Amino acid sequence: MQHLDQGKLRWFRHQIKTWAKQHLRNFPWRNTTDPYAIFVAELMLQKTNAALVAPIYQAFMQKYPTLDALAAAPFEEISSILQPLGQSLRVERLRRSIRMIQSKYGGNIPKTEAQLLELPGVGNYTARAICTNAFGQPKAVLDTNVARILERFFGFSTSDRVKARSKPLQQAADQVAPDTNVATWNLALLDFGAAVCTARTNRCTECPLQQKCQKAAFDEKII
């Protein structure tokens with residue numbers, strides 16, 4: 001694991017937290033700690049734009065406010081509601097997960113990362129997001145947005161093709177995360193990656209991290 005300059009790390013955290021105070025996005029699943037509601041949201045959000053998910057999620061939760069209500073719903077009905085999100089396997093994985101939660105966990109969303117990873121369609125990011133947002137566990141999440149920020153600012157690098165599954169980058173995310181209020185920290189990085197440190201559009205000139213960002217410094221040298 002790369003040794004981080006603690007001064008630079010503290011500065012990074014301060015800049016991200018300051019930015020987040022005015023720019024965190026407001027989505028309905030961010031206003032609850034209900035494990036079932038968060039579980040549903042995280043499965044919907046997989047490889048899908050959050051703005052597209054929001055109205056569908058609200059309609060879905062109104063129709064199926066509890067895990068038991070969802071378990072009793074016809075497959076075709078659920079599929080019809082989720083159809084705009086694409087990924088036909090999503091509905092089957094959701095149904096299989098609900099059945100497993102009922103049979104193995106008494107209808108309660110499991111609380112540990114290891115247990116959540118046993119559920120169909122639940123990977124590392126989804127499991128850690130549920131642990132943090134529903135149960136207050138201090139687990140840093142890693143998706144393509146977070147990976148991009150860490151690689152650019154700190155100069156982390158990995159040969160892993162799928163950044164969101166990179167063990168070195170997950171270790172980096174764990175190292176960079178603060179000791180407290182990790183749920184809000186995760187959201188701040190996700191939103192910062194979506195709005196400022198984006199994949200394609202160069203927004204470095206308006207980025208609050210530019211002063212100490214390794215990528216920005218490198219880009220300046222080659223101009």
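Contacts between residues 24 or more positions apart account for 63% of the contacts with a separation of 6 or more in this protein. The model is predicted, with a mean pLDDT of 92. Of its residues, 96% reach a pLDDT of 70 or more.

**Fold and dimensions**

The protein has 12 helices and zero strands. Read from the N terminus, the order of elements is therefore α-α-α-α-α-α-α-α-α-α-α-α under the DSSP assignment.

Along the principal axes, the C-alpha atoms fill a box of roughly 60 × 35 × 30 Å.

**Surface and charge**

Buried residues make up 45% of the 223 residues. The accessible surface comes to about 11900 Å², and carbon and sulfur atoms contribute 49% of that area. The side chains include 29 positive and 18 negative ones. The centres of these two charge sets lie 3 Å apart.

**Two buried residues**

L190 is found in helix α11, which spans residues 182-195. F156 lies in a loop, between α9 (144-154) and α10 (167-176). The relative accessible area of L190 is 9%, and this residue is buried because the value falls under 20%. The same cut-off applies to F156, which is buried because its relative accessible area, 8%, is also under 20%.

L190 touches R25, Y125, V141, D143, N145 and V146, when residues up to four places away in sequence are not counted.

The table gives sequence and C-alpha to C-alpha separations for one pair involving each residue.

| Pair | Separation in sequence | C-alpha to C-alpha distance |
|---|---|---|
| L190 and R99 | 91 residues | 30 Å |
| F156 and A172 | 16 residues | 7.9 Å |

For F156 and A172, the C-alpha atoms are 7.9 Å apart in space, with a sequence separation of 16 residues.

Methods:
Residues numbered from 1 in each chain as written. Predicted model: local features only at pLDDT ≥ 70, side-chain atom pairs only at ≥ 80, totals over all residues. Heavy atoms only, no water. Helix = DSSP H or I, 4+ residues; strand = E, 2+ residues; numbered from the N terminus. Buried < 20%, exposed > 50% of the residue type's maximum accessible area, 1.4 Å probe, protein only. Contact = heavy atoms within 4.5 Å. Areas by Shrake-Rupley, 256 points an atom, 1.4 Å probe, with all protein chains shown as cover. Lys, Arg positive; Asp, Glu negative; His and termini not counted. Charge placed at Lys NZ, Arg CZ, Asp CG, Glu CD. pLDDT = per-residue confidence, 0-100.
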